[in-house]
Amino acid sequence: MPISADIDLTTIDSFRINNLGSHSLMVSKESDTPDSNAGFFFIMDRPHCICERVTFVLHTPESNGFIRPEEDTSTIGTMRVDFKKAQEIEFEVFLARPNKKTNLIQPQNFPSIREAKFIEIKTVYGKERFILSGFKDVMRQATEMCKSFIPYLEEEVESQDMKT
């Protein structure tokens with residue numbers, strides 16, 4: 001009987017850790033911007049268990065004249081970490097399906113956020129801020145889960161008759 005852990009938890013720092021299959025975790029945090037449905041997340045895959053693919057989930061503004069960037073293009077915005085000077089960042093539009101209002105963008109060549117307590121981004125979608133107190137702890141916790149080698153979801157295994 002295989003051991004598995006269906007992971008769906010919220011840490012005391014309000015980070016969510018969810019499984020994305022048997023060997024992938026997603027760590028996410030909601031925006032601190034009032035009336036926002038935006039989010040921030042990163043993925044951790046086995047076997048390497050490295051925090052990667054920093055991604056922001058943003059919604060298409062309902063303002064007149066807004067031109068939504070297409071999927072697989074890029075857009076320029078800024079990122080400010082811990083109230084330091086904002087840096088111009090290229091964001092890859094990773095997902096922007098025409099029938100959905102959700103957009104996933106990934107920053108390219110961004111400043112380190114490992115020790116970050118606060119991130120603010122400004123993009124064509126608007127301005128979002130994320131309080132990341134406890135970020136280093138949730139990275140450590142996710143890494144420990146990843147290295148446990150217990151599948152996050154029970155995989156279906158087909159029985160096969162062995163011929164002898």
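The buried residues of helix α1 are F135, V138, M139, A142, T143 and C146, where buried means under 20% relative accessible area, found with a 1.4 Å probe and protein chains only. Seen down the axis of α1, these residues fall within an arc of 140°, so they line one face of the helix; the arc is that of the directions from the helix axis to the C-beta atoms. The cover over the buried residues of α1 includes β2 (16–19), β3 (24–30), β4 (39–45) and β5 (51–59). Helices (H or I, at least four residues) and strands (E, at least two) are DSSP runs, numbered from the N terminus.

This is a predicted model, in which local features need pLDDT of at least 70 and side-chain atom pairs count only at pLDDT 80 or more, while totals for chains, interfaces and linings use all residues. Residues are numbered from 1 along each chain as its sequence is written, and side-chain values use heavy atoms, with hydrogens and water left out.

In soluble globular proteins, nonpolar side chains tend to be buried together. A nonpolar core is a set of buried Ala, Val, Leu, Ile, Met, Phe, Trp, Tyr and Cys residues joined through side-chain atoms within 4.5 Å. Of the 32 residues in the largest nonpolar core, F40, F56, I113, I119, L132 and F135 touch the most other members. The elements that give two or more residues to this core are β3, β4, β5, β6 (74–81), β7 (87–95), β9 (118–123) and α1. Helix α1 gives the most, with 5 residues.

One core member, L132, can be followed individually. Not counting residues up to four places away in sequence, L132 touches F15, K29, F40, A116, K117, F118 and I119; contact means heavy atoms within 4.5 Å.

Leaving aside its neighbours within four places in sequence, D45 is in contact with H23, S24, I50, E52, R53 and C146. The C-alpha atoms of D45 and L20, 25 residues apart along the chain, are separated by 9.3 Å.

Helix α1 can also be considered by its length. At 1.5 Å a residue, the 13 residues of α1 (residues 135–147) should span 18 Å, and its end C-alpha atoms are 18 Å apart, which agrees. The expected span is 1.5 Å times one less than the number of residues.

Notes. Buried means under 20% relative accessible area, exposed over 50%, partly exposed in between (1.4 Å probe, protein chains only).
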